[in-house]
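Here are my notes on this model, as numbered points. Please read them beside the structure.

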Amino acid sequence: MSDPFVSRGFTGRAHDPGDKAGRIPPGQYLTDGFPVLSAGPTPQIGLDRWAFTIEGLVAAPITWSWEQFTALPSRDWTVDISCVTKWTKLDTAWHGVSLDDLLAAVEVDPRARFVTAHSYGGYTTNLPLTDVLNNQAFVAWQYDDAPLEPAHGGPARLVVPHLYFWKSAKWVRGLRLMAEDEPGFWESLGYHNRGDPWREERYSGD
Amino acid sequence: MPEPLTWQIATVTAIRAETPQVSSFTLALPAWRAHRAGQHYDVRLTAPDGYRAQRSYSIASPPSRRGEVDLTIERIADGEVSPYFHDVVEVGDRVEVRGPIGGYFVWEPVLGGPLLLIAGGSGVVPLMAMLRERAAADGAAPAVLLSSARTLEDVIYRDELAALAAADRGLRLIQTLTRAQPPGWTGYDRRIDRPMLAEALAAAGAPPLAYICGPTLLVEAAANGLVELGVSPAQVRTERFGPTS
């Protein structure tokens, strides 16, 4: 628009983010809290029956128990996260295993180009492999040096910090590798298929 | 690909105080689209220097009202967008919005019931859209609203809810006031807990469709409590309605 709309009497930021302004994607605001957003009840998963599986377009599926999974090579991650509901939280501290290391444990079929994360409780979200490789994504079981709380996705959640946080599936129990893209839960309900906060890919068609 | 949700400039045609901290704003929409009860709109404010702030607000009105929506907005003291609505916006002002948004926390009469609605504070807003839609529909499913507020004057839509329930034997209201209760109060006086959930479940009369909206702790307690009381997790839809500043 040549004559952009200005909201009468709106003077701008309520809180000056100072030198952090460049880390806040458009339309987002900084929060110090950690809001909880879920579509349904929080699943309660005992660690004795927790398992993580990689299946689909792989030479042979693999399943880890909790003990096996948390013994995989893991590290600390400090990342900024942005939720489509407009909050951004900087420097969140996690501990977990990269998807590179998880996928290295299976022989990925070269036809695989997409991955769907599946969660306890039935949630799904879809991602191109190009968005989860090269240390862009990890499965975390600790937040702020403590076991990840169920409300925040524990025992373990996927974290894909460069995309809106609905892509970071809580209560994750596995990955399915696929040749074709298949919309997940929110992606089937009007939200953007990829969800890049810096491009404000909130809803379908954005 | 569905039609993109484009920004449009709505006009504020009415402002109604619901409680000391909560008001409803009627927005006339040039590109109105029928919503489903439970959905929200995104609001975008633009400052002269180009800075933009966005927030989401639930629609309170039923989709049967064409051409406009009511957004009910709670004032968050240190917020950025809600104080603008409460302190600056007047009838006749223009506000940039897009929507309706949200495809899961929704109810429409075809989904049936009984409906078990559980609200904390301003979490009642999307549930009110469901009750208004239900009231406008014939042969509506039974419904129970279990809601929690701090004091009686903080109960949003209090008179309208009472009138709806008085005119409809299929609607049951269960209210708890957690901070202060007026003399003669016959409702509950504590946070939503298991006995309250059990009473609401019994009042629903059959396995319900549950919608829970409110602060995180309330939503977690109510959703987990319903599942422990035997409600299928697939029948429990939740939306955190934290203060949206």
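1. Chain B is divided into domain 1 (8-101) and domain 2 (109-240). These bounds come from an automatic or database domain assignment. The model is predicted: local features need pLDDT of at least 70, side-chain atom pairs count only at pLDDT 80 or more, and totals for chains, interfaces and linings use all residues. Residues are numbered from 1 along each chain as its sequence is written, with chains lettered from A and ligands numbered from 1 in the order in which they are written.

2. The C-alpha centres of domain 1 and domain 2 of chain B lie 24 Å apart. Their contact takes 15 residues from domain 1 of chain B and 14 residues from domain 2 of chain B. Two residues are in contact if their C-beta atoms, placed from the backbone, lie within 7 Å. On the domain 1 side of chain B, β1 (8-19) and β5 (68-74) are the elements that give two or more residues. Strands here are DSSP runs (E, at least two residues), and helices are runs of H or I of at least four, numbered from the N terminus.

3. Chain B has five helices and 11 strands. Its C-alpha trace spans about 55 × 45 × 30 Å along the principal axes.

4. Among contacts in chain B between residues at least 6 apart in sequence, 74% join residues at least 24 apart.

5. The contact between the chains takes 32 residues from chain A and 38 residues from chain B.
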